[in-house]
Amino acid sequence: MSTPRQRILEITSDLFHRQGYNRTGVNQIITEAKVAKASFYGHFQSKENLCAVYLEERHDYWFAALREFIDTAADGRERVLGAFDFLIFMNEKENFSGCSFLNIISEISPEQTRLAKIVRSHKTDLRRFFAAEIADELMAVQVYLLFESAIIESRVFRSNELIEKAKQIVKNII
């Protein structure tokens, strides 16, 4: 049986993916997680605090899943190409919900600097991932930009077609 904190985070993840940050209210989370209001606020002082924890946990989950997915790749080139296959895997697993971090950043206000900082940190780590796998810095940035745009476009069109095309472009340039 999961703890109230775990239930809150599981429900939050589902709701933020399906409805978005702004359309998801604390009362809905409390109701669907089947926790008392006092329990919610005992674990999270605010919706923004909850979102910060959600993003931090999502970051850890996402990178662990990526590493596991590309673990058997022979070299950096294969790991980079495998990262695009990972996007396809995640789209199929999560019904084209897109990038949690891009979704959140598109909904928050400029005053929510804590959340923006977490999003930037995640994207910086992703850039570092590509830089570690691709010796040429400019090429690593190109691959990162293709990766990011493939995420967005696959969500817009609810299709993996542009991820496959981005992967082909990357295969040609590296």
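Student: How many positive and negative side chains does the chain have?
Tutor: The chain has 23 positive and 24 negative side chains, with Lys and Arg counted as positive, Asp and Glu as negative, and His and the chain ends not counted. The centres of the two sets lie 5 Å apart, taking each charge at NZ of Lys, CZ of Arg, CG of Asp or CD of Glu.

Student: OK, and what am I looking at, in terms of where the model comes from?
Tutor: This is a predicted model, where local features need pLDDT of at least 70, side-chain atom pairs count only at pLDDT 80 or more, and totals for chains, interfaces and linings use all residues. Residues are numbered from 1 along each chain as its sequence is written, and side-chain values use heavy atoms, leaving out hydrogens and water.

Student: How many helices and strands are there?
Tutor: There are 9 helices and 0 strands. Both are DSSP runs numbered from the N terminus: helices are H or I with at least four residues, strands are E with at least two.

Student: Let's zoom in on α1. Which of its residues are buried?
Tutor: Ile-8, Leu-9, Ile-11, Thr-12, Leu-15, Phe-16 and His-17. They pack against several helices, including α2 (26–33), α4 (47–70) and α8 (137–157).

Student: What span should α1 have, and what does it have?
Tutor: Helix α1 covers residues 4–18, and at 1.5 Å a residue its 15 residues should span 21 Å; the end C-alpha atoms are 21 Å apart, so the two agree. The expected span is 1.5 Å times one less than the number of residues.

Student: What comes after α1?
Tutor: Gly-20 follows, with a positive phi near 95°. Asn-22 is in the loop between α1 and α2, and Asn-22 is partly exposed at 48% relative accessible area.

Student: Which residues does Asn-22 touch?
Tutor: Leaving out residues up to four places away in sequence, Asn-22 touches Lys-47 and Glu-107. Contact here means heavy atoms within 4.5 Å.

Student: Switching topic: where does Trp-62 sit, and is it buried or exposed?
Tutor: Trp-62 lies in helix α4, and at 8% relative accessibility Trp-62 counts as buried. Not counting residues up to four places away in sequence, Trp-62 touches Phe-86, Met-90, His-122, Leu-126 and Phe-147.

Student: Last one: what is the phi of Arg-158?
Tutor: Arg-158 has a positive phi of about 50° although it is not a glycine. Arg-158 lies in the loop between α8 and α9 (161–173), and at 45% relative accessibility Arg-158 counts as partly exposed. Asn-95, in the loop between α5 and α6, also has a positive phi, near 55°.

Definitions and conventions:
Buried means under 20% relative accessible area, exposed over 50%, partly exposed in between (1.4 Å probe, protein chains only).
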